[in-house]
Amino acid sequence: MQEVRVCPVTGLKVQRHAENLIKLNAVMAVVSLLIGGIGAILLALTRWEAIHLLPSDLYYRFLTIHGMNMLVFWIVFFECAGLVFASTIVLNSRQVAPKLGYFAFLLMLLGWLFVNYIVFTGKFTESAVMFTAYVPLRAHPLFYLGYILFAVGALIFCILFFLNVYNARREKAFEGPIPLFTYGIAAAAVIAVFTLIHGAFAFVPVFLWSLDIVKEINPAVYRLIFWGFGHPAQQINLTAMVSVWYLLSYFTVGGITPSEKVSRTAFLLYVLFINAGSAHHLLVDPAFGAPWKIFNTSYVLYLAVLASLIHCFAIPASVEIGQRSRGFNNGLFTWLIRAPWGNPAFAAFFISLVLFGFIGGTSGVIMGVEQINMKLHNTLAVPGHFHGTVAAGTSLAFMGLTYYVVPLIFRREWLSKFFAVIQPYLFGLGLAIMAISMNTLGRMGVPRRTWETSILNIPHKELLEMALGIGAIIAFTGLIIFVLHTVLTLLFGKKLSGNDKPTFPSISEPAPQRTSTPGTVTLAFIFFFYLIIMFAINWYILSKSWEIR
Amino acid sequence: MAITKPSEAYWDEKVEASEKVWLAVSILACLFMFLVMVVWAIAGKQNPPQESYIIRPSTFQQRVEEFINKYKIGEENGVPIVEAPSNVDLYLMGRMFQWTPILVLKKGETYRIRLSSIDVNHGFSIQPVNINFQAVPGYEYVLTLKPTQSGEFLIVCNEFCGIGHHKMVGKIIVK
């Protein structure tokens with residue numbers, strides 16, 4: 001018999017192996033976030049060329065470390081914790097094959113070690129190849145092996161997720177339709193499976209090539225297959241983040257989605273169409289034609305963007321429904337103004353939602369336009385875009401969830417309410433300033449992944465670089481507060497037991513019925529007009545450029 | 001109700017009018033954005049080129065050298081300056097950590113520039129015009145280009161290619 005305890009807040013059963021796997025993954029996630037974060041601040045202070053902190057070789061090395069730890073390790077470890085949580089505790093069920101789970105974690109840990117070890121200590125030419133490792137840049141075999149081991153471990157967690165859900169059904173621990181959160185995580189897990197398979201197809205041949213077993217790798221084909229891994233990997237984050245948004249709207253204000261049917265259909269659209277987004281990186285590549293590019297970059301007629309637009313309505317709407325049924329029913333925006341902004345889980349969630357939409361999502365849709373991509377490909381606007389999505393969006397949402405994970409799973413009370421409350425604001429504000437500066441610099445031609453750009457004569461470049469640096473410092477402060485506060489709380493926080501309430505209140509009763517959501521309708525249309533204006537501006541800028549075909 | 005079970009009949013629940021309107025607007029926006037790309041691909045003046053060839057890097061390098069020998073008009077810091085008429089194909093080669101040659105173009109004329117790399121991936125980025133393409137070894141990308149401004153333009157490399165990546169700066173002169 002496996003040990004089981006009952007969560008005093010949610011009444012959910014927490015089984016020991018599931019809890020352990022969640023803890024292990026969560027700890028490694030935070031460690032990776034710390035390494036990536038230190039990389040982040042060093043890089044930003046180098047790109048702020050008035051400071052120009054790192055020498056060029058260290059800059060490129062830290063760029064690889066930052067990319068790997070943030071885009072891969074921090075987020076995938078956290079998602080594996082999420083996979084276990086959504087398929088065991090939420091379903092009131094147990095972890096099947098726990099030993100396989102520990103084995104998978106071990107593989108990921110080894111992969112993590114190999115990559116970080118070789119990038120920190122390897123020869124420059126064998127280590128600074130970036131997250132993308134474009135062939136024929138050639139890394140040390142350990143780098144590719146680490147990538148592969150990590151991916152296999154993550155793949156096992158996906159398979160365990162499906163087995164857990166199947167088992168919960170079979171043992172009748174859970175009957176009827178699965179909850180929306182688990183549904184969303186299931187969508188993420190399906191995307192993860194084909195993403196990780198692409199990863200294997202990209203890295204296994206390259207690993208053999210790095211050992212001189214395979215003679216040659218086609219660089220254009222590598223780019224195609226790598227992005228079948230690289231971009232959908234971020235769509236796993238997107239899907240997991242949207243699921244976390246739904247979860248947090250429930251935990252923080254008792255929110256319920258306006259329509260289960262529509263929200264679930266949107267997740268299904270992600271599963272079906274989002275993989276096409278890998279074309280975004282190949283829009284100005286020689287090896288592909290316009291019909292292929294246009295069909296794929298539009299996520300197949302923008303059906304995956306449609307899904308995001310659905311969530312962009314449904315998530316604020318679920319907050320509005322929760323708030324209105326809690327009595328904040330006056331006027332258009334009372335529900336928003338009187339929201340629990342002092343609860344860091346809510347602040348993180350809502351800031352992440354807004355920044356993702358206005359910075360990350362919008363810039364992504366625009367730079368994904370085949371023609372406009374000529375003006376943005378490989379510029380600083382690309383990292384500007386994905387710091388709006390994965391950093392301000394996914395990372396901040398996951399931080400928000402941590403404010404519940406620590407008291408509910410780790411059973412510790414947060415040490416400091418003050419630092420918890422200010423953290424999401426610092427992180428969100430910093431990233432907003434940084435991402436907007438990067439997007440602006442990139443739009444004017446400043447390249448990404450480049451140590452020095454002093455040769456470029458761009459209006460207000462120094463000012464924008466300073467904004468980038470200051471934004472990074474603010475965001476880094478938020479990140480360090482998050483990491484230290486989490487680690488110190490796990491070590492020294494007051495142990496919660498029995499029916500102790502966690503530091504930040506969570507709602508265990510959903511809104512009794514659905515209400516209309518006039519505030520959300522207004523917000524959604526404000527966003528819509530913003531998107532149209534940005535879209536039009538970018539087409540206008542393109543139309544003024546040199547003619548090319 | 002993200003962690004609790006929905007009603008068994010959730011599929012039959014009615015969708016609120018406001019969400020239906022939002023759905024309709026979103027679908028129209030998606031179709032519109034898709035069609036803009038298609039229309040621009042047919043009628044627009046700025047589109048990613050579609051002509052490309054598979055070529056061995058050594059062959060490409062040889063052709064670049066032949067091209068330079070034929071049309072060379074000078075040199076700047078060891079990099080040849082080349083002026084060729086617009087009715088022949090021009091060549092531009094990326095290698096660690098240099099763009100070769102410096103091309104001299106005339107404003108308002110249309111040129112065919114064959115772009116490739118002979119070692120790793122490079123990023124072809126004309127500044128401050130800000131037009132960007134990927135230079136992939138083994139693939140020749142034919143850019144049909146009409147400069148509409150005159151002056152000296154930089155070609156920076158915006159794909160990481162090694163330790164000297166930031167020093168990889170070339171030039172295009174438009175007369």
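This is a predicted model: local features need pLDDT of at least 70, side-chain atom pairs count only at pLDDT 80 or more; totals for chains, interfaces and linings use all residues.

**Folds and contacts of the two chains**

Author: Chain B has two helices and twelve strands.

Reader: What is the radius of gyration of chain B, and is the chain compact or spread out?

Author: From the N terminus on, the elements of chain B follow the order α-β-α-β-β-β-β-β-β-β-β-β-β-β. For 175 residues the globule rule gives 16 Å, and the value for chain B is well over that, so the chain is more spread out than a compact globule, with a radius of gyration of 24 Å.

Reader: What are the dimensions of the box that the C-alpha atoms of chain B fill, and how far apart do the centres of domain 1 and domain 2 lie?

Author: Chain B is divided into domain 1, residues 16–43, and domain 2, residues 51–174. Taken along the principal axes, the box filled by the C-alpha atoms of chain B is roughly 75 × 35 × 30 Å, and the C-alpha centres of the two domains of chain B are separated by 38 Å.

Reader: Which strands of chain B stand at the edges of the open sheet of seven strands?

Author: The open sheet has mixed pairing and the strand order β2-β3-β6-β12-β11-β8-β9 in chain B, and the twist from one strand to the next averages 25°. Within the sheet, β11(B) and β12(B), the latter covering residues 169–174, run antiparallel and are joined by six bridges, with B:I173 in β12(B) as the bridge partner of B:E152. Helix α2(B), residues 57–71, packs on the sheet, where it touches β2 and β3 of chain B, and its direction makes about 65° with that of β3(B). Two strands have a single partner each, so one side of each is left without a neighbour in the sheet, and these are β2 (72–76) and β9 of chain B.

Reader: Which element gives the most residues to the side of chain B that touches chain A?

Author: In the contact between the chains, 68 residues of chain B meet 76 residues of chain A. The elements of chain B that give two or more residues to this side are α1 (17–43), β8 (122–127), β9 (131–135), β10 and β11 (151–157). By class, the residues of this side divide into 38 nonpolar, 21 polar and nine charged. The element that gives the most, with 15 residues, is α1(B).

Reader: Are helices α2 and α3 of chain A roughly parallel or roughly antiparallel?

Author: Helix α2(A), residues 56–87, and helix α3(A), residues 98–121, pack with their axes 10 Å apart and at an angle of about 170°. Their contact includes A:F73 and A:F77 of α2(A) and A:W112 of α3(A), and by class it has nine nonpolar, one polar and one charged residues. Angles over 145 degrees count as roughly antiparallel, and the two helices are therefore roughly antiparallel.

Reader: Which peptide bonds of chain B are cis, and which residue of chain A has a positive phi?

Author: Most peptide bonds are trans, and most residues other than glycine have a negative phi. In chain B, B:F97 lies in the loop between β4 and β5, and B:P101 lies in the loop between β5 and β6. The cis bonds are the one from B:M96 to B:F97, with omega near -5°, and the one joining B:T100 and B:P101, with omega about -15°. In the loop between α2 and α3 of chain A, the residue with a positive phi, near 40°, is A:A97.

Methods
Residues are numbered from 1 along each chain as its sequence is written. Chains are lettered from A and ligands numbered from 1 in the order in which they are written. Domain bounds come from an automatic or database domain assignment. Two residues are in contact if their C-beta atoms, placed from the backbone, lie within 7 Å. Helices (H or I, at least four residues) and strands (E, at least two) are DSSP runs, numbered from the N terminus. Ala, Val, Leu, Ile, Met, Phe, Trp, Tyr, Cys and Pro count as nonpolar, Asp, Glu, Lys and Arg as charged, and the others, Gly among them, as polar. Axes are lines fitted to C-alpha atoms, for helices over the stretch in contact, and angles run from 0 to 180 degrees between N-to-C directions. Angles under 35 degrees count as roughly parallel, over 145 as roughly antiparallel, 65 to 115 as roughly perpendicular and the rest as oblique. Two strands pair if DSSP finds at least two bridges between them. The radius of gyration is taken over C-alpha atoms; the globule rule is 2.2 Å times the number of residues to the power 0.38.
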